[in-house]
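Please walk through this structure with me. Keep the sequence and the 3D view side by side.

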Amino acid sequence: MAERSLHAEETARRGGLLQGLDARAKWIGVGVLVLAAGLARSFAVLGALFGLALLGAVLSRLRLRELAVRAWLPALLFTALVGGPALFLTPGPPPAGLPEAVGVSAAGARAVGFLLLRVETITSFTLLLVLTTPWARLLAALRSLDVPGTVVVILGMTYRFLFLLLASAHDLFLARRSRTVGRLAPREARQLLARTTGVLLSRTVNTSQQVYLAMVSRGFTGEVRLLDPLAMQGRDWVAVAASLALAGVAIWAGR
Amino acid sequence: MNRPILELREVTYRYEEIVAIDACSLAIAAGSRVAVVGANGSGKSTLLMLLDALQHPSSGALYFDGRELTAGALLDERANYDFRRRVGFVFQNPEVQLFNPTVRDEIAFAPLQLGWPPERIRDEVEQMVDRMQLRQVVDRPTFRLSMGEKKRVAIASVLILDPEVILLDEPTAGLDPRSQSRVIDLLVAWRGSARTVVVATHDLGVIEEIADRCLVFHEGRLVADRTPAEILADLDLLTRAGLVHSHRHSHRSGLHHAHPHLHRHEHGES
């Protein structure tokens, strides 16, 4: 995860369309486009929004393969898990060309298709934001958009907490493996897992408190400060206006 | 003795039921070098946390430069700025202190929090990178550094503020001899400066080099406050504090010990 996060910081520092925009403009732009994708009830509109996300990725020099691995595939699996049963449970005639014996209804297929395309589109837009903006600038932009400081601190600490949790989990796993001979019985394995999870959580909470104290010790008061302060320029306003216009059109056309 | 820059008056600190610091009173003079020694769990780290106002006494009072430090007092932005600017704390575990994407971001963190102008921060970061010999790793993510490099980055991230008081918790713990020697050289170099240095350690081998005063803690209590030479000469005290242990063994030289003693083991000796 640390490697992935580092990679995100690297892609955020590359030259590209979205990397050149102010983080606040991106939050607003992505926010309204995600809203439009959530409200759209037309495949064509959702497809167009998905295409827009693809175009944004290409112009921001992001690799589509990376988007596929990090966004589309997990979204597909998630949607299949959550929406899959609707294919069979939604009443109605089957889609054209599919025998009734399969048990899939046209209405169910349409609902799952919508869900899938909507999730893929929203995930792509969100990933565009994350991959083209350094984490500190994302948080600073939130503060600048009047999101309460407590929320921003919680987000920042959650990010750091995840790293600590994974590092601790890795260490615990290695330590356990080095002291385990042979295979454990399923019951023993479950007990060990439960104990390890408890130890892991308490250890990580303790370490994350230490991280917070280390931040306070160096003057952190909850505000996110940047070496290059956020500054909205002409192109940022154009991007916000274009996103608002596109989202407006998508919501109108996708009613 | 110079004016006290930090002072504890009858300070007790409890972690729930456990007393970590027990009715401790002491004054640390501005410009002094103090080693705080004690076995694991003796209260050294808690003392440093209290001195950096990261924890507040359960009872008693802590003073910085003559003013009482309370949680409420540090809510005042100016007071907090002044204190954080003047007192720096290097944690024992550098992992908890390094939370920025790169070494450069890490070193710039504290000045950014204190609102220094960006140009000044950039200049100071570059100078600190050279001073701490971190040029080769300056753009590297902190999790990819060796333990010695992490420690140096942690120290650099505090030193950049040029604090009057530096608190270091076990600065040489977990380091290889070369990295230890670099950190000790740094501490030795601070002798003669106006900076106040408080170092918590259980490495008795370095305290004469880095300190002119030594506090011994045992089970949360301050049990001795003398010069390092006097402390090192008092084997009974060191044994009681768990800093040396009594054991029986023989050396190749033919010497036999059956009492507490302070020495360095050479390779090949048991």
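What follows covers a helix, an interface and a loop residue.

The model is predicted. Start in chain A with helix α8, residues 186-217. The helix has 32 residues, and at 1.5 Å a residue these should span 46 Å. After α8(A) comes A:Gly219. The phi of A:Gly219 is positive, near 95 degrees.

The buried residues of α8(A) are A:Ser208, A:Val211, A:Ala214, A:Met215 and A:Ser217. They pack against α7 (149-178) of chain A. They also pack against β6 (87-90) and α3 (94-97) of chain B.

That leads to the interface. Here 21 residues of chain B are in contact with 19 residues of chain A. On the chain B side, α2 (77-86), α3, α4 (103-113) and α5 (118-131) each give two or more residues. The largest share, five residues, comes from α4(B). By type, this side of chain B divides into 15 nonpolar, four polar and two charged residues.

Finally, turn to B:Thr142. This residue sits in the loop between α5 and α6 (147-159) of chain B. Is B:Thr142 buried or exposed? B:Thr142 is buried, because 23 other C-beta atoms lie within 10 Å and the cut-off for burial is 20 or more. Leaving aside neighbours within four places in sequence, B:Thr142 is in contact with B:Leu98, B:Asn100, B:Val103, B:Glu106, B:Lys150 and B:Val153. B:Pro118 lies 24 residues from B:Thr142 along the chain, and their C-alpha atoms are separated by 22 Å.

Key: Residues numbered from 1 in each chain as written. Chains lettered and ligands numbered in written order. Predicted model: local features only at pLDDT ≥ 70, side-chain atom pairs only at ≥ 80, totals over all residues. Helix = DSSP H or I, 4+ residues; strand = E, 2+ residues; numbered from the N terminus. Expected span 1.5 Å × (residues − 1). Buried ≥ 20, exposed ≤ 12 C-beta atoms within 10 Å, placed from the backbone. Contact = placed C-beta atoms within 7 Å. Nonpolar A, V, L, I, M, F, W, Y, C, P; charged D, E, K, R; others polar.
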